[in-house]
Amino acid sequence: MPRRQPVARAAVPADPAKLPTKQRIEQAALQLFAAKGFEATGIRDIADRAGLSTSALYHYMGSKDELLVAFMVESMTELTRVACAALDGAEGPAAQLAALVRAHVGFHTLDAQRSLVADDELRALSDAAFTKVMQLRDGYERLWAETLERGMRSGEFSFGDARITRLALLEMCNGVARWYSDRGPKHPAEIADSFADLALAMVGARRDAQPVRTLDVRTPVVRGRPTREILALVDAELRGTGDGSPDGAAQESGTR
């Protein structure tokens, strides 16, 4: 079913004419999958968007199914690496949950197209590909499950069903890719902090009988990485630089 994608944002925007042919094909496919959906996108659509004939397209790629699987595997692998890096140095369940939310929201704002495709197109995968992608997802979601469990054991969190709580948190964060625009009034860091506050409220995070909020997570009492540092980690991962410096493009994007 055709759907609207409010922001045509790729992780590293580039002039298609300057890209190698294979990357041009991948960018075209990703844009179309995000805007139209996988099933509604044909090989001819990808060829036209990439500026190639259909016969030339097959010289550089196997099938659109292989492209979809590659997008999903890369997205989950990179998201998991960013989440693990964000958790490094986060002390206590509240700081850890805030770090996971900031990393997830940051990823879904800075790489909205691929995030949308990875979240929405599981139904289009073959059984073997579905199993592969779900194994990666299960590993990622385990980080959230363990954080929630630690919060409950320590008494910092108070919520009902752990599985429902985890899925609700993830769905809340996934939704950012549907509406975020870098032409909007909020910087990704502001959005990430707002979502972290919502997440802490959802799990009833408390310390010394007081609600814990993102401001508390940045104090010596509950330590965690600053939000813009986490966004720099996301940006570095998406660019393949491995450099989590806060001077990266994640600080530049936002309000126009």
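The model is a predicted one, in which local features need pLDDT of at least 70 and side-chain atom pairs count only at pLDDT 80 or more, while totals for chains, interfaces and linings use all residues. Residues are numbered from 1 along each chain as its sequence is written, and side-chain values use heavy atoms, with hydrogens and water left out.

**Confidence**
- The mean pLDDT (the predictor's confidence in each residue, from 0 to 100) of the protein chain is 86, and 84% of its residues reach 70 or more.
- Over residues 1-8 the pLDDT is below 50, and this stretch has 25 contacts in the model beyond near neighbours in sequence, a contact being heavy atoms within 4.5 Å.
- Residues 244-256 also have pLDDT below 50, with 34 contacts in the model beyond near neighbours in sequence.
- Where pLDDT is low, the predicted coordinates should not be read in detail.

**Overall fold**
- The chain holds 12 helices and two strands, taken as DSSP runs (helices H or I, at least four residues; strands E, at least two) and numbered from the N terminus.
- Along the sequence the order is α-α-α-α-α-α-α-α-α-α-β-β-α-α.
- Of the 256 residues in the chain, 50% are buried, that is, under 20% relative accessible area with a 1.4 Å probe, protein chains only.
- Among contacts with a separation of 6 or more, 72% are between residues 24 or more positions apart.

- Phe-157 touches, among others, Pro-93, Leu-97, Thr-147 and Val-203, not counting residues up to four places away in sequence.

**Gln-96**
- Gln-96 is found in helix H5 (residues 93-110) and is buried, with a relative accessible area of 13%.
- The side chains of Gln-96 and Arg-150 are joined by a polar contact of 3.1 Å, meaning a pair of N or O atoms within 3.5 Å, where within protein one must be able to donate a hydrogen and the other to accept it, and residues adjacent in sequence count only if both atoms are side-chain atoms.
- Not counting residues up to four places away in sequence, Gln-96 touches Leu-87, Ala-90, Thr-147 and Arg-150.
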